[in-house]
Amino acid sequence: MKILFYDKSKLCFIMLIFFITAIGASAFDAAGPIRVAVIPFKINAEKDLTFLKDGIFDMFAFHLSREGRVKVINREDIEKILDSFSGTLNEVSACKIGSELKADYVLFGSLTVFGNSVSIHANLADVAGKRPPLTFFDQARKMDEVIPKINRFATNINERFFVQEAATTRKKPLTPELDVRPQPDIMPEKTDQKKSPNPSFIVTQTRKTSEEFWKSRVFDHLVNGMALGDVDGDGKIETVVITSDAVHIYRAEKDRLNKIKEIESRHKNFIGTDIADINGNGHPEIFVTSLNAHRSGVCSFVLEWDGKDYVRIVKDSPWYYRVVALPGQGSVLLGQKNTADTPFSGKIFEMSWENSTYIPGKQAASSKWNSLMGFTLGDVMGNGQTVAVAYNEEDYIRITDPSSGSVLWKGGDRYGGSMQYYLMQKTERGTDNRQYLPMRLLINDIDADGKNEVITARNYDMIFSLLKNFRKFTDTQIESLFWDGIGLAANWKTHKISGHISDFAIGDFDNDGSDELVAAVIIKDGDIIGTSPQSVVVAYNLK
């Protein structure tokens, strides 16, 4: 129980860091970047938790820094000042340290663990003394109480510090994070601009209404993947949803998701699903990519409707599966095997049906750090060239030449963010060594203008830099990216919603003749004692 409690205390403190940094990054800058000094937080606990001091600075450096806007002062410079500091750290002494560092703001505080609770103290002070400090103190007895309290604190920081500073001391505001429309003063008139297929996707306000998307009832399990297709040959599109150990088939009818079939399995780690008629018999197959019980190998299978039931036509396959749509070829099945004990190094092949199984044929991409779970092919640069678009192992999107593997473009922002992971060999200390797998990417001309976009989900991770083997997401949204001649640029995005997206698809979800953008959203992971997992399916009209 004590070990679990310390995990909670880490998470509680990290939540505080995330919300502060996320809000802080919306600061404005035309007179030079805002300089922030993060003084290592004091840790008061029976157990040695000094490792958090390093992690805290890494988190702020990663989340708060914005080139040209916000600069987190190097820790080495802060440590030099602290070496000569003695006495109690309070607002006066912290601001003195900040002044020596030429900082605009200084952030300091403490974390105290006692009994079954966590006490959090945090202070954000204006070094020049032009604004009163913002302080936070609270005591969390359970996780459900922590998030809303910290959220209020983060909102106060934004309203009382950075937004006011933008209005009073900065000359020109930056483009708000939630407004992705190109600004006239920075975007030439002749630039090829994309439009949203649905005006509600252009996020210009923080509040959302229920009319913006359809939401299913709450499911009491984690949805690990989803796909759309007519899997029983009745001419209607079904929604196939996978949990860790079952395949659920639904159909959207009369504003509800009605369950058609549930197929349980002895496997416990389903991580992805796709639908396509690859064997050419007129009945689309359901491809389920699965890891073995220990998450150290691949053990996939394929289902197909035989006119009476869904049967396994392939069992215990060592391949990861993904289906992509290629011009002139239609739906193409791709496959990848693990090599060198990593899911990011196997060659990717086009697969074909032969002798009652799927066999590799033409190589679709090199083995240079691609995971098929976050990989797709298509013409996204508008020049007729088929390129590979994929996440790397740190969730940055790259465009590469599929034959040579040479990188044509690499993005600077993290997207995706999957909770699915592959277990590598344990560390020298004997602890788990997780390699998180990437999320799906789609290439689609979603606005029917003759040019493809890259559709991606974006889960906002509060602790990516601090704990390699643990992730926690707070908010999520789907984004459309287009090639602007230099790189992939934001076209539109959905509103942020609470939770994280595990998978998404585009298709005629409700059989009304028009495509929808559909996503599986995890509301609760159920990773806290006494809580249960919860998921929903949301659908956005594209017209």
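Four aspartates, Asp255, Asp510, Asp512 and Asp515, come together on the surface as a patch of negative charge. Bear in mind that the model here is predicted.

Let's pick one member of that patch, Asp515. Asp515 sits in a loop, with β31 (500-507) on one side and β32 (516-524) on the other. Is Asp515 exposed, partly exposed or buried? Its relative accessibility is 40%, so Asp515 counts as partly exposed, since that class lies between under 20% for buried and over 50% for exposed.

Now for another loop residue, Arg69. You'll find Arg69 in the loop that links α2 (51-64) to β3 (70-72). Arg69 has a relative accessibility of 30%, so it is partly exposed too.

| Residue | Loop between | Relative accessibility |
|---|---|---|
| Asp515 | β31 (500-507) and β32 (516-524) | 40% |
| Arg69 | α2 (51-64) and β3 (70-72) | 30% |

Stepping back to the whole protein chain, there are five helices and 33 strands to look for. The chain has 543 residues, and 53% of them are buried. As for contacts with a separation of 6 or more, 53% are between residues 24 or more positions apart. And what about the outside? The protein chain exposes about 25000 Å², with 48% of that supplied by carbon and sulfur atoms.

How values were computed. Residues are numbered from 1 along each chain as its sequence is written. This is a predicted model: local features need pLDDT of at least 70, side-chain atom pairs count only at pLDDT 80 or more; totals for chains, interfaces and linings use all residues. Side-chain values use heavy atoms; hydrogens and water are left out. Patches are made of residues with over 30% relative accessible area and no salt bridge: like charges are joined within 9 Å, nonpolar side chains (Val, Leu, Ile, Met, Phe, Trp, Tyr) within 5 Å. Accessible areas come from the Shrake-Rupley method with a 1.4 Å probe; for residues, only the protein chains shown count as cover. A salt bridge is a side-chain nitrogen of Lys or Arg within 4 Å of a carboxyl oxygen of Asp or Glu. Lys and Arg count as positive and Asp and Glu as negative; His and the chain ends are not counted. The place of a charge is taken as NZ of Lys, CZ of Arg, CG of Asp or CD of Glu. Helices (H or I, at least four residues) and strands (E, at least two) are DSSP runs, numbered from the N terminus. Buried means under 20% relative accessible area, exposed over 50%, partly exposed in between (1.4 Å probe, protein chains only). Contact means heavy atoms within 4.5 Å.
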